[in-house]
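Work through the exercises below with the sequence and the model at hand. Each task is followed by a solution in steps.

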Amino acid sequence: MTAEITKNPTGYNATFNRYFEHSPEQVWAMLTDNRKIHRWFSGLQMEEEGESGHLSLEMGHGQKKEFPITEYKKGEVLAFEWGDDHVHFELAPEGQGTRVKMVETLPDITGQTPKDVAGWHVALDIMEAILDGHGIERTSEWERWYPEYKRLFESMGVDFA
């Protein structure tokens with residue numbers, strides 16, 4: 001299922017709604033435990049967990065980019081800056097599993113946007129696959145979803161020429 005793209009007063013939201021058949025504690029660990037984060041998002045790291053904490057992303061050549069945490073409620077909410085964008089994860093128990101809502105707030109849509117949104121889509125798929133005990137080939141999944149997101153943004157009147 002693709003993200004829902006909606007207009008907001010300052011840009012756009014890409015909203016992913018997923019259900020994982022795993023406990024909120026297991027899903028939360030995927031977002032905050034570096035040994036688990038590295039499995040679904042290479043280079044991303046929780047540097048300091050909590051309201052005043054931050055994540056970092058290895059950019060290559062020894063350079064890191066920091067992303068301040070903007071909202072934190074242990075086991076339920078993790079939100080952080082993502083460059084000019086903002087990423088918000090919200091977990092809620094549902095049945096035997098967890099409802100995961102991830103919203104990326106986008107001030108602008110650029111040629112990079114469908115690539116990034118496809119990347120988040122695949123990252124969530126990989127996270128779920130890891131929890132389920134199997135793997136997904138990242139590159140082929142991204143190559144499958146990127147054209148879908150490009151078409152979705154183009155259908156909204158975005159011109160990537």
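Helices (H or I, at least four residues) and strands (E, at least two) are DSSP runs, numbered from the N terminus. The model is predicted, with local features needing pLDDT of at least 70 and side-chain atom pairs pLDDT 80 or more, while totals for chains, interfaces and linings use all residues. Residues are numbered from 1 along each chain as its sequence is written, and side-chain values use heavy atoms, without hydrogens and water.

**Exercise 1.** Find the salt bridge between Arg 144 and Glu 141 and state where the two residues lie.

Step 1. A salt bridge requires a side-chain nitrogen of Lys or Arg within 4 Å of a carboxyl oxygen of Asp or Glu. For Arg 144 and Glu 141 the N to O distance is 3.1 Å.

Step 2. Both residues belong to helix α4, 3 residues apart, which is about one turn of the helix. An α-helix has 3.6 residues a turn, so residues three or four places apart point the same way.

Step 3. Buried means under 20% relative accessible area, exposed over 50%, and partly exposed in between (1.4 Å probe, protein chains only). Arg 144 is partly exposed at 47%, whereas Glu 141 is buried at 16%.

**Exercise 2.** Which parts of the chain does the salt bridge of Lys 74 and Glu 49 link?

Step 1. The closest N and O atoms of Lys 74 and Glu 49 are 3.9 Å apart.

Step 2. Lys 74 is in the loop between β5 and β6, and Glu 49 is in the loop between β3 (44-48) and β4, 25 residues apart.

Step 3. Lys 74 is exposed, at 60% relative accessible area; Glu 49 is partly exposed, at 33%.

**Exercise 3.** Classify the aromatic pair of Phe 67 and Trp 82.

Step 1. Rings of Phe, Tyr and Trp (its six-membered ring) pair if their centres lie within 6.5 Å; planes under 30 degrees apart count as stacked, over 60 as edge-to-face and the rest as tilted. The whole structure contains 11 aromatic pairs.

Step 2. With centres 4.5 Å apart and 25° between the planes, Phe 67 and Trp 82 are stacked.

Step 3. The pair links distant parts of the chain, with Phe 67 in strand β5 (residues 63-73) and Trp 82 in strand β6 (residues 77-82), 15 residues apart.

Step 4. Phe 67 is buried, with a relative accessible area of 3%, and Trp 82 is buried at 13%.

Step 5. Trp 40, Phe 41, Phe 67, Phe 80, Trp 82, Phe 89 and Trp 120 form one aromatic cluster.
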